[in-house]
Amino acid sequence: MSESLFDRIGGIEAIMAAAEIFYEKVLEDDHTRPFFDDIDVSKQTKKLVGFMAWAFGGPDEYKGRDLRTAHKDLVRKRGLDDSHFDAVATHLVATLNELGVQQSLIDEAVGIVAGTRDEVLDR
């Protein structure tokens, strides 16, 4: 059996580091920041770590809502759309590049994230 992306990317420590840097970037971006104005970023970071660990083939730690439910009000009431999804994906790529992750692993991670687009955007 091949090693999971979770393991190849560096395990939980790498995912925790990525989540911290990622949210710094998202919160500095005028296009994405408004969606995080009324959330506890510390709690959100923990949810992201659990989700990424699970999505990348690591331990099943994600205990949050499914992506459609979690983002439904953002889509319907606040206009979350493809441009925001693309911006978030760009921040993820920049984060992984900043952490020195190999391009092949970044591509694999982005493929996983891209596969969530329709669920996140409630389509």
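**Close-up views of a predicted model**

Lysine 46 is exposed, at a relative accessible area of 63%. The model shown in every view is predicted.

View 1. Lysine 46 belongs to helix α3, which covers residues 41–55.

**View 2. Phenylalanine 22 and tyrosine 23, one of the aromatic pairs.** The structure contains three aromatic pairs. In the pair of phenylalanine 22 and tyrosine 23, the ring centres are 5.1 Å apart and the planes make an angle of 65 degrees, an edge-to-face arrangement. Both side chains belong to buried residues: phenylalanine 22 has a relative accessible area of 7%, and tyrosine 23 has one of 5%. Ring pairs also bring in Phe36, giving a cluster of Phe22, Tyr23 and Phe36.

**View 3. Phenylalanine 51 and tryptophan 54, a tilted pair.** The ring centres of phenylalanine 51 and tryptophan 54 lie 5.7 Å apart, and their planes meet at 50 degrees, so the pair counts as tilted. Both residues are in helix α3, three residues apart, which is about one turn of the helix. Phenylalanine 51 is buried, with 17% relative accessible area, whereas tryptophan 54 is partly exposed, at 43%.

**View 4. Alanine 53 in helix α3.** Helix α3 also carries alanine 53. Alanine 53 is buried, its relative accessible area being 0%. Between alanine 53 and leucine 5 the C-alpha to C-alpha distance is 9.1 Å, although 48 residues separate them in sequence.

**View 5. The salt bridge between glutamate 98 and lysine 25.** Eleven salt bridges are present in the structure. Side chains of opposite charge can pair when their charged atoms come close. In this view, glutamate 98 and lysine 25 form a salt bridge, with an N to O distance of 2.8 Å. Glutamate 98 is in helix α5 (residues 82–98) and lysine 25 in helix α2 (residues 11–28); the two are 73 residues apart, and the pair links distant parts of the chain.

**View 6. Aspartate 82 and arginine 117.** A salt bridge joins aspartate 82 to arginine 117, with 2.7 Å between the closest N and O atoms. Aspartate 82 is in helix α5 and arginine 117 in helix α7 (residues 117–120), so the pair ties together parts 35 residues apart in sequence. Both partners are partly exposed: aspartate 82 has 28% relative accessibility, and arginine 117 has 22%.

View 7. Arginine 123 is partly exposed, with a relative accessible area of 46%. Through shared partners, salt bridges join Asp82, Asp86, Arg117, Asp118 and Arg123 into one network.

Technical notes. Residues are numbered from 1 along each chain as its sequence is written. This is a predicted model: local features need pLDDT of at least 70, side-chain atom pairs count only at pLDDT 80 or more; totals for chains, interfaces and linings use all residues. Side-chain values use heavy atoms; hydrogens and water are left out. Helices (H or I, at least four residues) and strands (E, at least two) are DSSP runs, numbered from the N terminus. Buried means under 20% relative accessible area, exposed over 50%, partly exposed in between (1.4 Å probe, protein chains only). Rings of Phe, Tyr and Trp (its six-membered ring) pair if their centres lie within 6.5 Å; planes under 30 degrees apart count as stacked, over 60 as edge-to-face and the rest as tilted. A salt bridge is a side-chain nitrogen of Lys or Arg within 4 Å of a carboxyl oxygen of Asp or Glu.
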